[in-house]
Amino acid sequence: MSADPASRAALAAEDWRRMKAGDRVARQAFSETWIVAYAGVVLVAMLLYVLIGNKPYVHTVALDPLTGATEMSPINRYIWLALGAASTPLLWWRRGDLLTTAVRLWPLLLLMLWFVLTVRWSIDPGAASRRLLLYGIDLMICIAVVLGLSDTRRVHAAMAIACAIVVGIDFASWLLMYERSMTELGLAAIHSHKNTLGAVMLLAGLVCGTYAWGRTRLREQLLWWAVTAASVALLIASQSKTSIGIFGGVVLFIPFLLTLLRRRAIDILAVAAIGALVVLTALFVWLGYNYSLGQDPFDPLRGVTFTQRRDVWEFVYEEFLARPLTGVGFGSFWDVDPRVQPSLQTDYWFARPDAFTNEAHNGYLDIAVTTGLPGLLGACFLLARWMVRGVLDLRRAALEGMQPTLAAATFLGVFPLMFFGHNWMESSYFTANAVFGTIILIAGVSLDLKRRDAA
């Protein structure tokens with residue numbers, strides 16, 4: 001017996017709705033594929049520009065004869081504006097997530113608002129405005145690409161591709177253009193300074209090494225371990241002692257951290273307590289030993305200059321004490337109008353033309369002297385938040401055991417810790433055009449916006 005007309009119509013309507021739903025899912029999957037691909041291209045392009053810079057093979061600092069500050073590249077702002085424009089479609093495609101994004105990034109956005117306020121009393125408002133605009137565009141791009149990729153594994157993959165390209169360029173330059181790539185201090189390759197090459201290869205070693213570890217196919221493992229080995233060779237050739245030391249420490253620290261995080265919470269607390277107890281005991285014994293002999297326990301540190309950094313640190317700290325609450329304005333302490341730049345008003349060795357210095361070699365001091373105590377506290381809170389979230393996410397991934405997810409979590413968990421240590425000797429935290437300053441934004445935004453990875 002055939003179905004009545006009403007039943008046939010209902011079945012036809014159901015089939016039509018099912019077909020339309022399938023078409024809609026297919027269109028969404030197709031659109032998502034292209035959004036992810038486009039976000040990956042934008043991220044790789046931004047990283048290539050940050051890692052290489054706008055003056056390849058220029059190994060000297062060019063000073064503007066009119067201002068005495070570092071010569072500004074005329075194309076730098078246009079490249080950043082172009083990258084910012086390229087990332088705008090991603091914000092439109094992910095516009096439904098923007099409100100949630102703003103809520104999750106509230107400490108970072110609040111800190112950026114304080115930076116905007118410091119421009120009002122900056123000693124060089126023009127320089128402060130330009131650098132704040134650049135960092136604002138940088139932040140917008142980072143948010144856009146993280147939203148576009150929507151998975152920390154994809155962010156990790158895009159970063160690995162960018163690092164591999166730079167490693168290939170630097171290695172080829174080292175082999176084929178040896179004289180042009182070398183400097184008196186060490187290998188610089190395509191970068192402006194051997195320390196820049198060291199920082200880039202430190203990053204490449206961490207990114208590509210963790211990515212290689214996360215691959216499941218032998219062919220991919222061999223490829224990415226080869227890239228990692230090349231980055232380590234370039235790192236050693238750069239003779240950048242800070243980067244080499246940090247990389248060695250990170251390589252030894254990662255297995256210990258992963259082993260510890262797989263333990264029970266009570267075991268982790270016990271190890272932390274034992275470590276703190278050992279440090280306090282050593283400090284107590286040292287103080288007791290020196291006081292029993294009538295010696296100053298700080299005498300061994302008085303002759304340590306950290307490659308003459310102490311002179312710069314003392315000067316910057318004194319300037320911070322002059323304006324502890326307001327600072328001199330975001331990005332307004334170095335490379336500004338020589339009539340107002342604080343260091344050029346002194347006769348310190350680092351203010352002379354033959355000893356050019358444009359950072360405090362301590363990221364926390366630079367933030368304090370430019371944005372005051374509120375800026376320093378906000379920046380420290382933000383970095384501590386990222387470090388804690390990175391370690392907690394790494395523990396979760398270590399317990400779950402999914403290798404690609406664990407590899408991405410390892411990078412995001414270790415990099416903020418490494419960044420924290422690196423900024424005691426170098427300045428890259430909220431520094432425009434700094435390699436690590438850009439990477440920490442990508443890592444931090446990824447940690448704050450991290451979604452549950454798809455099964």
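Reader: Where is F430 found?

Author: F430 sits in the loop between α15 (403–422) and α16 (435–449). Helices here are DSSP runs of H or I with at least four residues, and strands are runs of E with at least two, numbered from the N terminus. Please note that this is a predicted model, in which local features need pLDDT of at least 70, side-chain atom pairs count only at pLDDT 80 or more, and totals for chains, interfaces and linings use all residues. Residues are numbered from 1 along each chain as its sequence is written, and side-chain values use heavy atoms, with hydrogens and water left out.

Reader: Is F430 buried or exposed?

Author: F430 counts as buried, at 8% relative accessibility. Buried means under 20% relative accessible area, exposed means over 50%, and partly exposed lies in between (1.4 Å probe, protein chains only).

Reader: What is the phi of F430?

Author: The phi of F430 is near 55 degrees, a positive value in a residue other than glycine. Most residues other than glycine have a negative phi. A189 also has a phi near 55 degrees; A189 lies in the loop between α7 (178–181) and α8 (194–214) and is buried, at 0% relative accessibility.

Reader: Changing topic, how many salt bridges are there?

Author: A search of the whole structure finds 11 salt bridges. The term means a side-chain nitrogen of Lys or Arg within 4 Å of a carboxyl oxygen of Asp or Glu. One of them joins the side chains of D448 and R385 (3.3 Å, N to O).

Reader: Which helices hold D448 and R385?

Author: D448 belongs to helix α16 and R385 to helix α14, so this pair ties together parts that are 63 residues apart in sequence. D448 is buried, at 3% relative accessibility, and R385 is buried as well, at 14%.

Reader: And how far apart are D393 and R396 in helix α14?

Author: D393 and R396 are 3 residues apart in helix α14, which means a separation of about one helical turn. Their side chains meet in a salt bridge (2.7 Å, N to O). D393 is buried, with a relative accessible area of 12%, whereas R396 is partly exposed, with 37%.
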